[in-house]
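This report concerns the architecture of a single protein chain. The sequence and the structure are shown first.

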Amino acid sequence: MALRSTSYRRMLFLFDVDYTLVDGADGHKYALGVALEKVFGFKFDINTFDYLGKTDKQIIKEVLKNKGFNDQLIESKLQEVVDNMVDTFKKVVDVFPIKVLPGVQELLDELKRRDVLLALVTGNVEPIARGKLDKVKLNEYFQFGGFGSDGIRRADLIRTAIARAERNHGFLFENNVYIFGDTPRDIEAGKEVGVKTVGVATGSHSMEDLKKAGADFVFTNLRNTQEVIKTLLGS
Ligand SMILES: [Mg+2]
């Protein structure tokens, strides 16, 4: 038992939230629409926008720029939009359904059993990521992460999560980090930072899309725990 724990202790697995761990972003999308309308006065349907794999602040900035608002105004109002979005999200979180994707719970249990360090890397600002995971009881697996509240660029969120692992969890980054995500942007960010990338085709992107983005490993979903573990950890 002790041997097994020691051999995996220094591995860090990072997980995206939407369409990697859970399916249920409608409350978040709704809250963003309400926030933009409150602060900037226009109605916005995120489904008309290429948002997949982008971070919350990146989405807000791009949407406002496309609408013709100037950079200075956008910067000055960015936090107000985020705060409004979080407030609305908290009010509606119980209304919109969220479900855990197949195999996720089992994989997290197995990784935890093997003493792999687990963290989040998500474009969601932290209160929204935590709100989604709380609803499906997944928060307890993730003590820390890199969130949309920590920065704009996804690669920087990965760096933040690794820095927190090193600072607070006795972790040393040396070819021992895997990142799981459902979009080419997750994979590209992982490659930029130099971590191993795992594409999961449980969102809008196919295995082919994720391979093309350069994923080191690709799965249809995380349903087969033993296959995922064996592929990534060898046994
Ligand atoms: Mg995602």
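The following text treats the domains, the sheet and the helix contacts in turn.

**Domains**

The structure is a predicted model. The domain assignment divides the protein chain into domain 1, made of residues 2-24 and 98-233, and domain 2, made of residues 26-92. The C-alpha centres of the two domains are 25 Å apart. In their contact, domain 1 contributes 17 residues and domain 2 contributes 13. On the side of domain 1 that touches domain 2, at least two residues each come from helix H6 (126-135), helix H7 (154-168) and helix H8 (184-193). That side of domain 1 has 8 polar, 6 nonpolar and 3 charged residues.

**The sheet**

Six strands form an open sheet with parallel pairing, in the order S5-S4-S1-S6-S7-S8. Strand S5 (145-146) and strand S8 (217-219) are the edge strands; each has a single partner strand, so one side of each has no neighbour in the sheet. Strands of a sheet in general pair through backbone hydrogen bonds, in either a parallel or an antiparallel manner. Within this sheet, strand S1 (residues 12-15) and strand S6 (residues 177-181) pair in the parallel sense over 4 bridges. In this region Leu14 stands opposite Ile179 of S6.

Helix H7 lies across S1, strand S4 (117-121), S5 and S6, and runs at about 150 degrees to S4. H7 is also one of the helices that supply the side of domain 1 touching domain 2.

**Helix contacts**

| Helix pair | Crossing angle | Axis distance |
|---|---|---|
| H5 and H10 | about 45 degrees | 9 Å |
| H7 and H8 | roughly 55 degrees | within 8 Å |
| H3 and H4 | roughly 130 degrees | within 10 Å |

Helix H5 covers residues 104-113 and helix H10 covers residues 225-233. With the angle given in the table, H5 and H10 are therefore oblique to each other, and their crossing is right-handed. Glu106, Leu107 and Glu110 of H5 meet Thr225, Val228 and Ile229 of H10. This contact has 3 nonpolar, 1 polar and 2 charged residues.

H7 and H8 are likewise oblique to each other, and their crossing is right-handed. From H7, the residues Arg154, Ala155, Ile158 and Arg159 take part; they meet Arg185, Asp186, Ala189, Gly190, Glu192 and Val193 in H8. By class, the contact of H7 with H8 has 5 charged, 4 nonpolar and 1 polar residues. Both helices also supply residues to the side of domain 1 that touches domain 2.

Helix H3 (residues 56-66) and helix H4 (residues 71-92) make up the remaining pair in the table. H3 and H4 are oblique to each other, and H3 passes H4 in a right-handed crossing. Asp56, Lys57, Ile60, Lys61, Leu64 and Lys65 of H3 meet Ile74, Leu78, Val81 and Val82 of H4. The residues of this contact comprise 6 nonpolar and 4 charged, with no polar residues.

Terms used: Residues numbered from 1 in each chain as written. Predicted model: local features only at pLDDT ≥ 70, side-chain atom pairs only at ≥ 80, totals over all residues. Domains from an automatic or database assignment. Contact = placed C-beta atoms within 7 Å. Nonpolar A, V, L, I, M, F, W, Y, C, P; charged D, E, K, R; others polar. Axes fitted to C-alpha atoms, helices over the stretch in contact; angles between N-to-C directions. Parallel < 35°, antiparallel > 145°, perpendicular 65-115°, else oblique. Left-handed = near helix turned anticlockwise from the far one by under 90°. Pairing = 2+ DSSP bridges.
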